[in-house]
Amino acid sequence: MTRKSFATDISGAAAVEFGLTSPIYVMVLFGVFQVGIWLWTDFALHRGVEAAARCAAVTTSTCGDDEATRRYASKQSYGLNVPSSAFQVSRTTCGSVTGYKVSVAHAVFDFTRGLGMSAFTASASACYPAN
């Protein structure tokens with residue numbers, strides 16, 4: 001049996017390298033997940049307000065009043081549980097014509113807050129000209 005010196009012994013080097021680099025990979029992985037959640041929330045909110053603004057302006061049988069428009073916006077925000085009370089509906093000027101504006105601000109789920117990052121609130125608004 002030969003005896004190796006500690007400086008030239010390479011057994012276990014891969015485990016040590018993994019232990020040193022794996023926290024970085026895990027942080028990057030969580031960061032990618034969090035950005036995906038932020039984008040998904042932003043897209044879902046924009047989908048909800050755009051559909052509701054159009055519904056209020058065009059389909060008055062479905063979105064005849066502000067509360068019906070809020071409920072419609074909540075349903076159109078696919079995958080999110082945004083309460084209808086979070087949406088605001090107003091009749092305003094869209095460019096040079098009068099239309100309906102729907103807007104919302106919603107707190108985004110994040111698991112990075114434990115890392116010292118601030119909370120993220122997504123907001124969206126859309127204006128659709130009335131007939």
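Modeller: Ala68, Thr69, Ala73, Ser74 and Gln76 are the buried residues of H2, where buried means under 20% relative accessible area, exposed over 50% and partly exposed in between (1.4 Å probe, protein chains only). Helices (H or I, at least four residues) and strands (E, at least two) are DSSP runs, numbered from the N terminus. The model is predicted: local features need pLDDT of at least 70, side-chain atom pairs count only at pLDDT 80 or more, and totals for chains, interfaces and linings use all residues. Residues are numbered from 1 along each chain as its sequence is written, and side-chain values use heavy atoms, with hydrogens and water left out.

Colleague: What covers the buried residues of H2?

Modeller: The cover includes helix H1 (13-58), strand E1 (87-94) and E2.

Colleague: How many salt bridges does a search of the whole structure find?

Modeller: Side chains of opposite charge can pair when their charged atoms come close. The search finds one salt bridge, defined as a side-chain nitrogen of Lys or Arg within 4 Å of a carboxyl oxygen of Asp or Glu. It joins the side chains of Arg71 and Glu67 at 3.9 Å, N to O.

Colleague: How are Arg71 and Glu67 placed in helix H2?

Modeller: An α-helix has 3.6 residues a turn, so residues three or four places apart point the same way. Arg71 and Glu67 are four residues apart in H2 (residues 66-76), about one helical turn. Arg71 is partly exposed at 42% relative accessible area, and Glu67 is partly exposed at 35%.

Notes: Contact means heavy atoms within 4.5 Å.
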